Amino acid sequence: MPQAASGWPPAAVPQTDERSMRRLRFSHGVVFASLGLCALVILLMGLLQLVVDAPSPGAPRGVFQLLGLDWAWYAAAVLVLTVALAWLTARMIGSRMAVGRDRTGLSALLHRSFGLLLGLLAVMDVTMWSVTVAAVWWSAAVLVATRRRITVLTAALVVFLAGYVLLLPSQQPGLVLVFVGYGCFLAALFVAGNLTMLWLWEIAREATLAREARARLAVSEERLRFARDMHDLLGHSLSGIAVKSELAARLSARDPERAAAEMAEVQRIAREALREVRAAVSGYRAVDLADELASVRSVLTAAGVHTAVAGDPAALPARLQPLVAWLVREGATNVLRHSAARHCDITLTARDRAWVVEMCNDGVRAGRDTVFGNGLTGLSERVAAVGGTLSATGTGDGGFLLRAVLPVPGEAAPREPEGTRGAAA
């Protein structure tokens, strides 16, 4: 986020943090749900295998056919292994999505899920459903395993399938090759989708964290600048006061006249230092309207609010510019804190011996009552002090309008039409 303008205090940049974090949490949920489809697909494939085999319960597949066990034991084994594998796959994905990527226990999850996969393949036989399960599990394992480990697991899976087909030739070799080719294609498709979602998540997370860091940096730089200026202004003066007051204390008994002169000099230095501090603080409080508009626009844009500014700030009378700058800042703060706006228009218009300043956004939240808060109450007092009027109300179409009518200095104060006076959301 760009650095705040030179006004003091800095623009309300940190107010975007909570809103950004809500968007980041929503993005995290979307990405996790997308990756969690892997676990759902595994569970679905196991159930489909049981549905397909249900018409012939007397002929279980895989090792259960070799052992001569009945279909009930086969169905129970498929169901248990499928649920367990789906659960461990979801946990692996959750570990990958965890902030900081805590890999504690991840190796155990990977190996346990691989063992369950081999057991499930031995029970389900080499079918389209079992090959789909293996492909989806592999696409999830790629997200958490190192290249070396995934290579070893892939080789072990291929050796297992080859040995299984040789020992239990329940499928034709040509059909097995078709299933394996289908599984490779499906695995590549799932890996591409999963890596894309993770890439988008990392971009969103890094962008949010960078925005917060830049906001904190802007505030820190402003504080450092203020501290540096205060040091430059007061360091010499306070050192002089300390030295001359010590000298006056030593001379008070021996040379009262010179001690009095030194104390008079201390008084002069203190007054000069006070004058410099007041001048410096006044300089910080003097807000430049053009800079403030640029700062507010950059802050709102960084928060996801498209902002447009119409009108020439330089055309406003110098007396009104600080007040308009405070109005724009307060309006932007309310947009960030209390609205869900996506667009905000700032308009400066000369009209009827007055300037009309409007900030309109589309972020009114349904069911939210509008009342004048402390910020707008203070702002309305500032506007009234120059003979102007301030209104803040909903527009009826989901928008919110903050409007100030400020008379041009030296002209008669304009009259604002009577209307409902609301508050910033």
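**Helix packing and burial: questions on a predicted model**

Colleague: How do the axes of helix 3 and helix 4 lie to each other?

Modeller: The axes of helix 3 and helix 4 come within 9 Å and cross at roughly 155°. This is a predicted model.

Colleague: What makes helix 3 roughly antiparallel to helix 4?

Modeller: The angle. Anything over 145 degrees counts as roughly antiparallel. The crossing is at roughly 155°, so helix 3 is roughly antiparallel to helix 4.

Colleague: Is the crossing of helix 3 with helix 4 left-handed or right-handed?

Modeller: Helix 3 passes helix 4 in a left-handed crossing.

Colleague: Which residues of helix 3 and helix 4 make the contact?

Modeller: From helix 3, they include Tyr74, Ala77, Leu81, Leu85, Leu88 and Met92. From helix 4, they include Leu106, Leu110, Ser113, Leu117, Leu120 and Met124.

Colleague: How do the residues of that contact divide into nonpolar, polar and charged?

Modeller: The contact of helix 3 with helix 4 has 16 nonpolar residues, four polar and two charged.

Colleague: Why are helix 4 and helix 5 called roughly antiparallel?

Modeller: Same test. The cut-off is over 145 degrees. The axes of helix 4 and helix 5 cross at roughly 170° and come within 10 Å. Helix 4 and helix 5 are therefore roughly antiparallel. Among the contact residues are Phe114, Leu117 and Leu121 of helix 4, with Val133, Ala134 and Trp137 of helix 5. The contact of helix 4 with helix 5 divides into 13 nonpolar, two polar and no charged residues.

Colleague: And what makes helix 4 roughly parallel to helix 6?

Modeller: Here the axes cross at roughly 15°, coming within 11 Å. Under 35 degrees counts as roughly parallel, so helix 4 is roughly parallel to helix 6. Helix 4 passes helix 6 in a right-handed crossing. The contact includes Leu110, Phe114 and Leu117 of helix 4 and Leu153, Leu157 and Phe160 of helix 6. The contact of helix 4 with helix 6 divides into twelve nonpolar residues, two polar and one charged.

Colleague: Which residues touch the most other members of the largest nonpolar core?

Modeller: Leu85, Leu110, Leu117 and Trp137, out of 46 residues in that core. Helices 1, 3, 4, 5, 6 and 7 each give two or more residues to this core. Helix 3 gives the most, with twelve residues.

Colleague: What does leucine 117 touch, leaving aside its neighbours within four places in sequence?

Modeller: Leucine 117 is in contact with Leu85, Val133, Ala134, Trp137 and Leu157. There is also a second, separate core, of 32 residues. That second core includes Leu293, Leu316, Ala341 and Trp355.

Colleague: How do you know that asparagine 194 is buried?

Modeller: Buried means under 20% relative accessible area. Asparagine 194 has 5%, so asparagine 194 counts as buried. The place of asparagine 194 is in helix 7. Beyond four places in sequence, asparagine 194 is in contact with Leu35, Cys38, Ser139, Ala140 and Leu143.

Colleague: Why is asparagine 361 called buried?

Modeller: The value is 8%, against a cut-off of under 20%. Asparagine 361 is therefore buried. Asparagine 361 lies in strand 3, residues 354–361. Leaving aside neighbours within four places, asparagine 361 contacts residues including Val335, Ala341, His343, Cys344 and Phe400. Ala341 is also among the residues of the second core.

Colleague: What makes leucine 234 partly exposed?

Modeller: Buried is under 20% and exposed is over 50%, with partly exposed in between. Leucine 234 has 23% relative accessibility, so leucine 234 counts as partly exposed. Leucine 234 is found in helix 7. Not counting residues up to four places away, leucine 234 touches Ala273 and Val277.

Colleague: How far apart are leucine 234 and glutamate 272, in sequence and in space?

Modeller: They are 38 residues apart in sequence. In space, leucine 234 and glutamate 272 are 9.8 Å apart, C-alpha to C-alpha.

Colleague: How many helices and strands are in the chain?

Modeller: Eleven helices and five strands. Buried residues make up 40% of the 425 residues. Of the contacts with a separation of 6 or more, 75% come from residues 24 or more positions apart.

Technical notes:
Residues numbered from 1 in each chain as written. Predicted model: local features only at pLDDT ≥ 70, side-chain atom pairs only at ≥ 80, totals over all residues. Heavy atoms only, no water. Core = buried A, V, L, I, M, F, W, Y, C linked by side-chain atoms within 4.5 Å. Buried < 20%, exposed > 50% of the residue type's maximum accessible area, 1.4 Å probe, protein only. Helix = DSSP H or I, 4+ residues; strand = E, 2+ residues; numbered from the N terminus. Contact = heavy atoms within 4.5 Å. Axes fitted to C-alpha atoms, helices over the stretch in contact; angles between N-to-C directions. Parallel < 35°, antiparallel > 145°, perpendicular 65-115°, else oblique. Left-handed = near helix turned anticlockwise from the far one by under 90°. Nonpolar A, V, L, I, M, F, W, Y, C, P; charged D, E, K, R; others polar.
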